[in-house]
Amino acid sequence: MTTNRTFTMIKPDGIENGYSGAILDHILKAGFKIIAMKYTRLSPETAGQFYAIHKERPFYKDLVSYMSSGPIVAVILEKENAVEDFRTIIGATDPTKAADGTIRKLYAKSIEANAVHGSDSNENAAIEGNFFFSMLERF
Ligand code: CMP
């Protein structure tokens, strides 16, 4: 079941700039189905836990501070080949390097405030989805 699921977050810049509706529309039009969705806010502690994999990176502290600076939308998505196809529609991490028509090219501000997160593997999709949602909150 998790094989065809991925996890995304609309980040604080995406919400702040009023792009959450357009981003969700883009995702749905690309054929993804929403399995669970939550409008919430990360504390510095929970943002730090979510991005613990990047703990040793030089951008970690700023990333944690940025990700806890405003509300986010957490979403579990389903589609065949979900992880890979979602990474294709969001584009490169750095929006200046993202392909035309991708979500980050259209809506992101910078490499840090890059509008959306997308899981990089099936394993991380399951871990990240579980971070935000209990079994009772999803199909
Ligand atoms: P995301 O796909 O959510 O995964 C890790 C996040 O770290 C990434 O998007 C960016 O928001 C941030 N990030 C990655 N590389 C850099 C970088 N070089 N400088 C600042 N932030 C970065």
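Student: Is Glu-137 buried or exposed, or partly exposed, and what is its relative accessible area?
Tutor: This is a predicted model, where local features need pLDDT of at least 70, side-chain atom pairs count only at pLDDT 80 or more, and totals for chains, interfaces and linings use all residues. Residues are numbered from 1 along each chain as its sequence is written, and side-chain values use heavy atoms, leaving out hydrogens and water. Buried means under 20% relative accessible area, exposed over 50%, and partly exposed in between (1.4 Å probe, protein chains only). Glu-137 is partly exposed, at 40%.

Student: Which residue forms a salt bridge with Glu-137?
Tutor: A salt bridge here is a side-chain nitrogen of Lys or Arg within 4 Å of a carboxyl oxygen of Asp or Glu. For Glu-137, the closest N and O atoms of the pair are 3.4 Å apart. The partner is partly exposed too, with a relative accessible area of 23%, and it's Lys-38.

Student: How many residues apart in sequence are the parts that this pair ties together?
Tutor: Helices (H or I, at least four residues) and strands (E, at least two) are DSSP runs, numbered from the N terminus. Glu-137 sits in the segment after α7 (122-132) and Lys-38 in strand β2 (residues 33-41), so the parts they tie together are apart by 99 residues.

Student: What about Lys-105 and Asp-100: what is the N to O distance in their salt bridge?
Tutor: Lys-105 is partly exposed at 37% relative accessibility, while Asp-100 is exposed at 69%. Their side chains meet in a salt bridge, with an N to O distance of 4.0 Å.
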